[in-house]
Number of protein chains: 2
Amino acid sequence: MNISILQKERYNYNPKLPQSLCGSVDDIDIETGIPTEAISDLAELRDIFKQTYGKPIITFAKDGEKKIENSNREIKVGVILSGGQAPGGHNVIAGLFDGLKKGNPASTLYGFKGGPSGLIENKTITLTNEIIDAYRNTGGFDIIGSGRTKIETPEQFAASLETAKKLGLDAIVVIGGDDSNTNAALLAEYFLNNGTSIQVIGCPKTIDGDLKNEHIETSFGFDTACKTYSELIGNLSRDTNSAKKYWHFIKLMGRSASHIALECALQTQPNVCLISEEIEEKAMSLNQIVDQICASIVKRASNGDNFGIVLIPEGLVEFIPDIKKLIGELNDTIAAQAQEFAAITNFIDQLYWLSSRISEPSYRIMQSLPPDIAQQFLMDRDPHGNVQVSRIETEKLLIGMAEKKLAAMKEQKQYSGKFSALAHFFGYEGRCAFPSNFDADYCYSLGYSAFVLIAAGLTGYLSSVKNLIAPASQWIAGGIPLTMMMNLEQRHGSKKPVIKKALVELNGKPFKTFAQNRDTWAEKTSFLVPGAIQYFGPSEVCDSTTVTLRLEHCL
Amino acid sequence: MNISILQKERYNYNPKLPQSLCGSVDDIDIETGIPTEAISDLAELRDIFKQTYGKPIITFAKDGEKKIENSNREIKVGVILSGGQAPGGHNVIAGLFDGLKKGNPASTLYGFKGGPSGLIENKTITLTNEIIDAYRNTGGFDIIGSGRTKIETPEQFAASLETAKKLGLDAIVVIGGDDSNTNAALLAEYFLNNGTSIQVIGCPKTIDGDLKNEHIETSFGFDTACKTYSELIGNLSRDTNSAKKYWHFIKLMGRSASHIALECALQTQPNVCLISEEIEEKAMSLNQIVDQICASIVKRASNGDNFGIVLIPEGLVEFIPDIKKLIGELNDTIAAQAQEFAAITNFIDQLYWLSSRISEPSYRIMQSLPPDIAQQFLMDRDPHGNVQVSRIETEKLLIGMAEKKLAAMKEQKQYSGKFSALAHFFGYEGRCAFPSNFDADYCYSLGYSAFVLIAAGLTGYLSSVKNLIAPASQWIAGGIPLTMMMNLEQRHGSKKPVIKKALVELNGKPFKTFAQNRDTWAEKTSFLVPGAIQYFGPSEVCDSTTVTLRLEHCL
C-alpha cells in the first residue's frame with residue numbers, strides 16, 4: 001500500500017478523548033455500579049459464566065477517590081480484529097497502544113494476525129510506534145488483518161491459552177461484532193477457570209449497526225459506512241432528478257438488521273426504503289412489497305416524474321415470510337436429493353422437477369420470479385446445501401417484478417408512465433473508508449478505554465463510550481459486563497449464550513420519523529444530497545454523527 | 001429537493017476567477033490572434049462555415065489596449081445544458097449569470113428547459129438571483145434539466161431561431177460535449193446566414209474527458225467524477241487488502257475513451273487496468289485480455305495474495321477487434337431475419353440457429369463466453385436492431401472467462417490459488433457529485449468567460465480557460481473558434497463536420513506513466529487510497545486536480 005495525500009493529512013488528526021481519559025492514567029477514577037443481570041435466562045447464564053457473571057458497570061471519571069492501583073505497571077496485551085471490516089478499527093488499536101505506552105513505555109502491544117486464528121496459531125507481530133503511526137485515522141483492518149475463525153472447540157480454547165501464556169500476556173482485546181464479543185466473554189471465563197488472570201476486553205464493531213443496546217449507543221464504523229453510502233445515494237438522487245428518466249434500485253449492506261438502510265433513508269430521503277423488520281412484523285408478501293414500490297412509481301408518474309430512488313436492505317428476502325418458506329423448502333428438497341437435482345442442467349427441467357416436491361404456494365412464487373433471479377435460488381449452494389442469500393440479486397428481483405406489475409397496470413389503463421430502472425449494490429465500498437471524525441474519535445476512545453479497563457484489572461467487559469451526541473470531551477467512558485447483554489438463543493440445534501442482536505425497533509424514534517415522512521417522500525421529490533464525507537471544515541459538516549443516534553438520544 | 005448541511009456550506013464557497021476576469025468588465029482586454037484553420041478538410045469546412053470559419057483565438061488580459069466596446073449594455077442570453085450530467089454545470093450558469101449582471105443588472109439569463117428541445121420548443125425560465133443562489137457549487141443539471149435532442153433538421157434550426165427572436169436574445173450558450181458543441185457551431189453559422197446577429201458560445205463538458213485538445217486542457221466534471229470513482233476504488237482496495245480474499249472487477253464509465261479508467265488507475269494503482277485504445281491499437285483478442293488479467297492473478301497467488309483490483313472501461317468490448325466483428329455480425333444477421341430469430345426463445349436453440357449464419361471465429365467466441373453474458377449479446381436490441389453495448393456486463397464477462405482459464409491452469413498445475421471475484425459498475429455515482437473546488441472554479445470561470453465572449457460580440461467560439469495546473473488567478477481565459485477543432489467524419493452514411501474526440505494517446509505522458517508502472521502494480525500491492533473528495537482543509541487535499549492534467553502539462 002502506498003500513501004495518498006489525504007492519508008498523509010489524516011496522520012495529523014488528533015482524535016478527541018473524553019475528559020475523564022485525558023491527562024495522567026493515575027488521575028482516572030473508577031466508579032463501580034451495582035451487580036448486574038443478563039437480559040434473560042439468568043440461571044443458565046450464571047451457570048455458564050460462573051466467574052464473570054453479574055459484574056457491575058464501570059464508569060471512568062475524574063476527581064473521584066478510587067484510583068487504579070499500580071496503574072503504571074508494565075502490561076502486555078494482544079489485540080484481535082474479528083470479522084468484517086469497519087472504518088475505525090485502526091484507531092481502536094492506536095488508542096489502546098497510546099494508553100498502554102502512556103501507562104508505561106515498556107508495555108507491549110501484540111497484534112494477532114488474520115483474526116482469532118492468529119491467537120490460536122500464535123501468529124503475532126509486535127506493534128511499534130512506526131507501525132501504529134502508519135495506520136492512524138485510516139480505514140481498513142490491514143494493520144494486522146482480520147478473520148472469521150471462531151474460538152469454539154476445547155482445542156481452540158486450549159491453544160488460545162497456550163499462546164497467551166507463551167507471550168506472557170496480561171490481557172487480550174477482541175475488536176468485533178456480537179458473535180466475537182460473545183466469544184470474548186467465553187474466553188474471559190475460560191482463562192479464569194484455568195487459573196490464569198489473563199483478562200479479556202471486547203470492543204463493539206459492526207457497520208451493520210446491530211450491536212447496540214442501552215449501553216452501546218452505536219457500534220463503530222456505522223457512521224462512516226452510512227455516510228459513504230449516503231454520498232452515493234445522494235449523487236444518484238441528484239443525477240436522476242437531472243436526467244428524470246431512471247429509477248435506481250439500491251441494495252445496501254446489512255444482512256439481518258436494516259439500520260443502514262434506515263439511516264441512509266433519513267440522510268437522503270428516497271422515494272421508497274424497505275425495512276426488513278417491518279416486513280417481517282407485518283408478514284408482508286413479495287407481491288405486497290412490489291405493490292408498495294409500484295404505488296410510488298405510479299403516483300410519481302401521474303405527476304410527470306418517471307424517476308426515483310428505492311433502498312433495499314441486503315437481507316430482505318429472508319424477512320419475507322413466503323420467500324423464507326420457499327428458501328427453506330428449496331434447501332431441504334435439494335439437499336435431500338442433491339445428486340438427482342445436480343444432474344438436471346436446464347432451468348425449465350429444474351422447475352418441473354421441483355413442481356411435485358415443494359409446496360404449491362412456494363412453487364407459484366418460483367414461477368412468478370424473473371427467470372434469471374429464480375435461477376439464483378437454485379445455484380451456488382453453500383457447503384451446508386443452503387442457498388447463499390447474499391448472492392441473490394434482490395434489487396434486480398424487485399425491478400423485474402415491478403416491470404411485470406407495471407406492464408399489467410398499463411394494460412388496465414391504471415398507469416401510463418415510463419419505467420426504466422438501474423440496479424446497484426453498495427456494501428464493500430463503505431467498509432474501509434477513512435473513518436469520519438466521529439468514528440476516529442469514538443474508536444480511539446474505545447481503544448483507550450479498553451486499556452484503562454485492563455489497567456484496572458477487569459475482565460469480561462466491553463469497552464464502552466456513551467453520551468455520544470455531546471462533544472467528545474463530555475463522552476462517558478467505562479466498561480459494560482459482557483454477560484449483561486446476553487441471552488440464550490437456539491444455534492445449530494442447541495441453546496447458546498449470545499449477545500442479543502439489535503434489530504430496527506418499529507417503536508423507536510428513527511423508524512417512526514421515517515414512517516411519518518415516507519408517504520410524502522414516496523410522491524414528492526424530497527431528496528437530500530449529503531455529499532462526500534468531510535474530514536475538515538465547519539464542525540457541522542465534519543463532526544456531526546448519524547441521524548439515528550441523534551433521534552435516539554435527543555429529546 | 002431539500003438542502004443538506006454540506007450544500008448549505010457550499011453556498012458560501014466563492015469560486016476563484018482568473019486575474020484577467022476579476023474587477024470591472026470595462027477593464028478586460030481582448031487580445032486577438034491570427035486567423036486559424038480546421039484540423040483537416042479545410043476546404044469543405046470553409047464551405048460549410050462560410051461566416052464563422054477560421055476566426056482568431058481570443059485571449060482575455062488586463063492592462064492592454066483593446067477593450068470591449070459598450071461592455072455595460074443590456075444583454076439577453078439563453079443557456080442550454082446538453083447531454084449527460086457532469087459536476088459543475090450549475091457553476092457554468094452561475095458564472096455566466098454573475099458576469100451578465102456585473103455588466104448590467106438589467107441583463108437577462110433565460111434557461112432552456114430539458115436541453116436543446118427547450119430552445120426548439122421555447123420552454124424557458126428566467127433565471128433569478130434566488131434560483132442561481134440555490135444551485136451554486138452544487139452537482140447535477142437539475143436547475144433547468146438537460147436533454148439529448150439534437151438540433152439537426154431545417155425545421156429544428158428554424159424553430160430555434162424563432163425562439164431566439166421571440167425572446168429577443170443576443171446570444172445562446174450551449175454547455176455540452178463534442179456533439180453539442182458541433183451543434184453550437186452550426187447554429188452560430190445558421191443565425192448569421194439568416195441575417196441575425198444572435199451569437200452562440202459553447203462550453204466544454206464531458207465526464208468522459210474526451211473533449212480535449214491543445215486548446216481545451218480538460219473538460220469540466222472529469223476531475224470530480226474521477227475523484228468520486230477513485231474514492232470507491234481506493235476503499236475497495238483497502239477492503240480487499242484487509243480481507244485478502246476478493247478480486248474486485250470494476251467497470252468505469254467511459255464509452256469511447258478510457259480517460260476515466262486511466263486517471264483512476266493513476267490515482268489508485270490497481271493490479272490491472274485495461275485501456276481500450278491500447279487494446280484496439282494492438283488488436284488484442286478477448287483471450288489475450290483474459291490472459292493478461294490471469295497473469296496478474298497467478299503471479300499474486302504465487303506470492304500468497306489471492307486478492308486484487310481490475311479496472312475496466314465501459315466501452316471495452318467495442319475496442320476488441322474480434323468482439324467488434326462478432327457484434328457486427330450478430331447485428332446484421334439478427335436484423336435481417338428478426339422475426340425468425342424472435343421466435344426462438346431458448347438460448348441453446350438461438351446458438352444453433354446462429355451457427356450456420358455467423359462466421360466460424362465469431363461462433364467460437366459466442367460458445368466460449370459465459371452463457372449468461374452470451375445471452376446479453378442477443379437480448380435488448382435498440383430500435384435500430386443493434387445490441388446495446390452498455391448493457392453487456394463486461395466485468396462479469398471477464399470474471400467468467402478468468403474463472404474458466406484459472407480452472408484450466410489449475411488442472412495443469414500452473415496455478416494453485418483461490419479466485420473469488422466481485423463485480424462493480426461505477427458511473428452514475430460520479431456524474432452529479434458536488435463539484436470539487438477545481439471544477440467549481442473552472443466551471444465558474446468558463447461561464448464568466450462565455451459572458452465576456454458575448455459582451456465582445458463574438459460567435460462560434462468555445463469558452464476556454466487554460467494553464468489549469470497553475471493557481472486560478474493565473475489561469476488564461478478566452479475563446480477558441482469552434483471550427484478550429486473540427487474535421488469531417490463519416491456519420492450515418494455521409495461526411496459530417498464534428499469536433500474531434502480525444503482518445504487516450506498511447507504516446508502521451510499519462511499512459512506512459514501508467515505503462516511504466518503497471519508490471520509492478522500487477523504483482524505487488526501498490527494500492528493508493530485517495531479517500532472522499534474534500535472541499536475544505538489543506539490546499540494539497542482540496543484544491544489539486546487530476547494526475548492526467550499534471551502529467552500532460554508539467555515538465
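Q: Among the contacts in chain A with a separation of 6 or more, what share comes from residues 24 or more positions apart?
A: A contact here means heavy atoms within 4.5 Å. In chain A, residues 24 or more positions apart account for 78% of the contacts with a separation of 6 or more. This is a predicted model, in which local features need pLDDT of at least 70 and side-chain atom pairs count only at pLDDT 80 or more, while totals for chains, interfaces and linings use all residues. Residues are numbered from 1 along each chain as its sequence is written, chains are lettered from A and ligands numbered from 1 in the order in which they are written, and side-chain values use heavy atoms, with hydrogens and water left out.

Q: Which radius of gyration does chain A have, and what would a compact globule have?
A: The radius is taken over C-alpha atoms, and the globule rule is 2.2 Å times the number of residues to the power 0.38. For 555 residues a compact globule would come near 24 Å, and the 25 Å of chain A agrees with this. The C-alpha trace of chain A spans about 80 × 55 × 45 Å along its principal axes, and the chain holds 22 helices and 15 strands, where helices (H or I, at least four residues) and strands (E, at least two) are DSSP runs numbered from the N terminus.

Q: How many of the residues in chain A are buried?
A: Buried means under 20% relative accessible area, exposed means over 50%, and partly exposed lies in between (1.4 Å probe, protein chains only). By that reading, buried residues make up 62% of the 555 residues in chain A.

Q: Where in chain B does B:Asn70 lie, and is it buried or exposed?
A: B:Asn70 sits in the loop between strand 2 (56-61) and strand 3 (76-81) of chain B, and at 54% relative accessible area it is exposed. Although B:Asn70 is not a glycine, its phi is positive, about 50 degrees. B:Asn467 is another non-glycine residue with a positive phi, near 65 degrees; it belongs to the loop between strand 12 (461-466) and strand 13 (476-481) of chain B, and at 29% relative accessibility it counts as partly exposed.

Q: Which elements of chain B do the buried residues of helix 9 pack against?
A: Helix 9 (residues 259-268) of chain B is mostly covered, with 10 of its 10 residues buried, among them B:His259, B:Glu263 and B:Gln267. Its buried residues pack against helix 8 (222-243), strand 8 (247-252), strand 9 (272-273), strand 10 (308-313), helix 20 and helix 22 (547-553) of chain B. The helix is followed by B:Gln269, which has a positive phi near 55 degrees.

Q: Which residues does B:Glu523 touch, not counting those up to four places away in sequence?
A: B:Glu523, found in helix 20 (residues 509-523) of chain B, touches B:Lys299, B:Arg300 and B:Asn303 with that exclusion applied. At a relative accessible area of 22%, B:Glu523 is partly exposed.
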